[in-house]
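Have a look at the sequence and the structure first, then read the points in order.

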Amino acid sequence: MKHIIVVGAGIVGLSVSKALLDQGYRVTLLDESQPGSGTSSGNAGLIANYATTPLANPDSLRSMLTEIIRSKRALSIDPRYLTELTGFGRAFLRAIGNGPFTDNKRTLVELVARGTLLQQQLLKSLGSDEIYQTKGCLQVYRQVPAMGPQLAALATAKQRDGVMCEALDRESLLKLEPGLNSQGLEGGLWYPDTWSLRHPRQLCTRLHEQLLVQGLDYRPLAADSVKQVGDRIQVRAGSQELAADAVVLCAGMGNQPLLAPLGVKLPVVSERGYHLMLDDKDLVLNRPVGWLAHYFYATPMDNGIRIAGTTQFAQPTAPEAQGRYHHMQDWAESLFGRPVTVTSRWMGVRHSSPDSLPVIGALPNHKRVILAFGHGHLGMTLAAFTGQMVADCLTGRQPDRLATALSPSRFL
């Protein structure tokens, strides 16, 4: 039985561990933090079957340039992080070209379709349907006059990608979500097949418990270094030196210092997200509602309504942008048309690639080092698929087109 070390116990690391255990591998999972306690617990809780357009596109670039000059910014760049963004920026500009964008779009459509199905199967396998709900989601447009024809075109584009989507006028939208502020509401897009989570952290906890029953060796340790010695991998974690047949790095931005001694630097950067939890006693929300003009979703969860999203490119350890919490509260009050009560605040670090596709596969010169990160906003959507790809990589199955498209080789 081959022994694999998995570094990182977020939803991706847990899903990779499950896929490997299901294939009969012996798995050791390393993470100094509790499983699922990081960004996997703080996200908007969406299985985003609608996310079929790469964020690396010309429209996004124009929106970014407009957004960063606003006084209340949903997207910002810390000037102290600009040096780290240099390689990312160059690769981003390449990715928005006609040819690369078309290829990346095709890849993402297939990736999200396959990933959504596998993630739904994973949720069902936990035997706990209170963790998730299947009421679809909405994206709303406010203060955007003459939006009707544009909404119809947007819905048609999603339908071409194989996504069930319907354009809704103001009245139809309010029938689904009567608790929204009707003032300034122009309409929206309705995705009836979208699943969402009632409790992202509980999902990770349940999955971890299941894996322990399957024989997972979980150790609350941080991986300090990784090196290949002959046909074996050595991982130092604290005072322990662990040997295995391969290592899978699922530690998000924590992968970068492990890769540096191997001479590998990938353009995956820290894209920090924020959330507020709102007391839902006086608020009505039946399903996730996205207000994309401000880069956030409002999602009903077991412990209140979560306002989650926005984008801040900054060092993972940089101080939180306190003003962002105030902006998010203002936007939430505008969304619901009434004051809201904030019960908690959170900031977490996404790991994002410049072409909007995750990095999954073996390093070309270190075949026993497998990468699984760079998921950006799609970690919760693509976790189970990532596990399957890693298992296929380790079993030596013939790679399909997606394996080639997501390989770290594309950046090396």
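1. Let's start with two helices. Leu111, Val112, Arg114, Gly115, Thr116, Leu118, Gln119 and Leu122 in H5 are in contact with Met380, Thr381, Leu382, Ala383, Ala384, Phe385 and Gln388 in H11; contact means heavy atoms within 4.5 Å. By class, nine nonpolar, five polar and one charged residues make up this contact. Here Ala, Val, Leu, Ile, Met, Phe, Trp, Tyr, Cys and Pro count as nonpolar, Asp, Glu, Lys and Arg as charged, and the others, Gly among them, as polar. Helices (H or I, at least four residues) and strands (E, at least two) are DSSP runs, numbered from the N terminus.

2. A word on where this comes from: the model is predicted, local features need pLDDT of at least 70, side-chain atom pairs count only at pLDDT 80 or more, and totals for chains, interfaces and linings use all residues. Residues are numbered from 1 along each chain as its sequence is written, and side-chain values use heavy atoms, with hydrogens and water left out.

3. Back to the helices. H5 (residues 98–125) and H11 (residues 379–395) pack at about 90°, and their axes are 7 Å apart. Axes are lines fitted to C-alpha atoms, for helices over the stretch in contact, and angles run from 0 to 180 degrees between N-to-C directions. The two helices are therefore roughly perpendicular, a label for angles of 65 to 115 degrees.

4. Next, Thr52, in the loop between strand S3 (46–47) and helix H3 (58–67). Is Thr52 buried or exposed? Thr52 is buried, with a relative accessible area of 1%; buried means under 20%, exposed over 50%, partly exposed in between (1.4 Å probe, protein chains only). Leaving aside residues up to four places away in sequence, Thr52 touches Lys105, Leu108, Val109, Val112, Lys158, Asp161 and Val163.

5. Thr310, with phi of about 65°, belongs to strand S18 (residues 304–313) and is buried at 1% relative accessible area. Tyr295, with phi near 60°, sits in the loop between strand S16 (289–291) and strand S17 (296–301), and Tyr295 is partly exposed at 27%.

6. Finally, an open antiparallel sheet has the strand order S11-S12-S13. S11 (225–229) and S13 (240–244) are at the edges with a single partner strand each, so one side of each lacks a neighbour in the sheet. Strands pair if DSSP finds at least two bridges between them; S11 and S12 (residues 232–237) have five.

Note on methods. Angles under 35 degrees count as roughly parallel, over 145 as roughly antiparallel, 65 to 115 as roughly perpendicular and the rest as oblique.
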